[in-house]
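Hi,

Here is the structure I promised to pass on. Have a look at it first, then read my notes below with the viewer open.

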Amino acid sequence: MQKLEKRSWAEPFKIKVVEPLRMTTREYRERALKEAGYNTFLLRSRDVYIDLLTDSGTNAMSDNQWAGMMLGDEAYAGSENFYHLEAMVQQYYGYKYLVPTHQGRGAEHLISQILIKPGDYVPGNMYFTTTRLHQELAGGTFVDVIVDAAHDPEDLGPFKGNIDLEKLAKLIDRVGSKRIAYVTAAATVNMAGGQPISMQNLRELRELTNRHNIKVVLDATRAIENAWFIKQREAGYEQHSIAQILREMCSYTDACTMSGKKDLLVNIGGFLALNDDEIFEEARNLVVVYEGLHTYGGLAGRDLEAMARGIEEAVQEDHIRARIGQVEYVGERLLSIGIPIVQPIGGHAIFLDAKRFLPQVKQLEFPAQTLAAELYLESGIRTMERGIVSAGRNAETGEHNFPKLELVRLTFPRRVYTQAHCDVVTEAVEAVHDRREEIRGMEMVYEPKYLRFFQTRFEKLK
Ligand code: F0G
């Protein structure tokens, strides 16, 4: 007799409300995809069966969060929910001041405008699309200082999100610490495949930046997922709680930008949190211009409440074990049938390696975009390109940036899909893999100026 497979990550919740899914035919999807210019961002969600486009704002809230929504204090100023959120951020992230924003990029905008002077450099562990754009719009130049292993989808290192401190030290030597606005440390690193940064690396980053009087801004969007990896992989943290690890991570930084739409189990919301009095003063001034009053930052009272409650749920070990367990379950099944994916498996998503999946498609024929389109066609599953289209163009030369990685991201919303859905996803990837040799690339027929991946249109190459 065979032994049963282990299910130690089983979902720590039961389902109280359901939302029906819509199945479509292949002919229907062919038409929908053509109308969407072969860009999965331009599909209508009603035409999608399993939506793995993003884990951003797609979370299922708990009954406790929904109950909190009814307690929204919709006052313009000083709502109760703001003070609740502020207390939760102080307790779990450990920063002194909170400035709520409508989502993560609102916080990125504020901190970029405040700390970057034209001509400054902003080193970070790999770019993120919105983060880098806000740095550039403020006159800064992003410099990638992530470890080289991050660019190698087959490297099995446990902390491929780490900052290469030598690269950073060289940059400081070359341009001088005064030209460095701050360092961004993302946890986990989205574009590297959801790879974590280690506590040791954060600690050493703090020592180096302290010596040069340089600030560190944490992109805490998925820091709770990062904390889980530290607990699993870094010596000395096995017995720490996720909440303790999160607090320690934040303690090595001066501020964080946060997209609550990920870790914090809500559909909208974000914040900037920080310790410095003067920067807070400036952020509190600017938030009124761009987001809303400093006690709501573009959010309704109910949204602030849902996020405050989300923080407490997100750091629960049962939750985070199941969340990452689900992603690992899919990743391991894909690996077992020989599908090329980024390893180790990341926290929020599986990244298919389109360069190895479709070696016949050249980078300028958009292999990852092509693969995302084929997956939709096959099964109605929506995924996202993270390759040359996402990488955009060089701000000065106007040439395409050519990233080393051409990935398709299968991103898992939190608490939304079941294990059976996960199996459907694996089968769909297998079906496309079986016919991979017939697949041709695409050409761009429309390209917008900013964050082009959202709206670019393609046609299939004949
Ligand atoms: N930082 C990281 C690491 C992110 O992944 C995102 C968003 C942001 C900042 C910006 O936050 O969307 O709330 O303004 N990532 C989404 C994604 C869009 O699909 O990966 P936002």
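Which helix gives the most to the shell around the ligand? That would be α4, residues 104-115, with three residues. Before you go on, keep in mind that this is a predicted model, so treat what follows as values computed from a prediction.

**The ligand**

Let's stay with the ligand for a moment. There are 17 residues around it, and the ones that come nearest are Thr54, Arg105, Asp219, Ser259 and Lys262. Asp219 puts a polar side-chain atom 2.6 Å from a nitrogen atom of the ligand. Gln103 also uses a polar side-chain atom, 2.9 Å from a ligand oxygen atom. With Gly104 it is the backbone: one of its N or O atoms lies 2.8 Å from an oxygen atom of the ligand. How much of the ligand does the protein bury? Taken alone, the ligand exposes 470 Å², and the protein buries 95% of that.

Arg105 has another contact to look at: its backbone oxygen is reached by the side chain of His134, at 3.4 Å. You'll find His134 in helix α5. His134 has a relative accessible area of 17%, and the cut-off for buried is under 20%, so His134 counts as buried.

**Rings**

Next, the aromatic side chains. The structure holds nine aromatic pairs. One of them is Trp9 with Tyr329, a tilted pair with 5.7 Å from centre to centre and 45 degrees between the planes. Follow the chain and you'll see that this pair links distant parts of it: Trp9 sits in the segment before α1 (26-35), Tyr329 in helix α12 (residues 317-336), and they are 320 residues apart. Both Trp9 and Tyr329 are buried.

Another pair is Tyr97 with Phe280, and this one is stacked: 4.0 Å centre to centre, 0 degrees between the planes. It links distant parts of the chain too, with Tyr97 in strand β2 (residues 97-101) and Phe280 in helix α10 (residues 277-290), 183 residues apart.

While you're looking at Phe453, notice Arg386, which lies over its face at 4.8 Å from the ring centre.

**A helix on the inside**

Now go to helix α14, residues 367-379. Its 13 residues reach 18 Å from the first C-alpha to the last, close to the 18 Å expected at 1.5 Å a residue. Why call α14 largely enclosed by the rest of the structure? Because 12 of its 13 residues are buried. Among the buried ones are Leu371, Leu375 and Leu377, but also Gln369 and Glu374. An α-helix has 3.6 residues a turn, so residues three or four places apart point the same way. After α14 comes Gly380, with a positive phi near 80 degrees.

Most residues other than glycine have a negative phi, and most peptide bonds are trans. With that in mind, here are some places to check.

- Met126 is not a glycine, yet its phi is positive, about 75 degrees. Look for Met126 in the loop between β3 (121-124) and α5 (129-137). Its relative accessible area is 10%, so Met126 is buried.
- Asn213 is not a glycine either, and has a positive phi of about 60 degrees. Asn213 belongs to the loop between α7 and β6 (216-219). Its relative accessible area is 73%, so Asn213 is exposed.
- The peptide bond from Ala187 to Thr188 is cis, with omega near -15 degrees. Thr188 is in the loop between β5 (183-186) and α7 (199-212).
- The peptide bond from Gln343 to Pro344 is also cis, with omega near -10 degrees. Pro344 is in the loop between α12 and β9 (349-353).

Key. Residues numbered from 1 in each chain as written. Predicted model: local features only at pLDDT ≥ 70, side-chain atom pairs only at ≥ 80, totals over all residues. Heavy atoms only, no water. Helix = DSSP H or I, 4+ residues; strand = E, 2+ residues; numbered from the N terminus. Expected span 1.5 Å × (residues − 1). Buried < 20%, exposed > 50% of the residue type's maximum accessible area, 1.4 Å probe, protein only. Phe/Tyr/Trp six-rings, centres within 6.5 Å; stacked < 30°, edge-to-face > 60°. Lys NZ or Arg CZ within 6 Å of the ring centre and 35° of its normal. Near = heavy atom within 4 Å. Polar contact = N/O pair within 3.5 Å; in protein donor to acceptor, adjacent residues only side chain to side chain. Areas by Shrake-Rupley, 256 points an atom, 1.4 Å probe, with all protein chains shown as cover.
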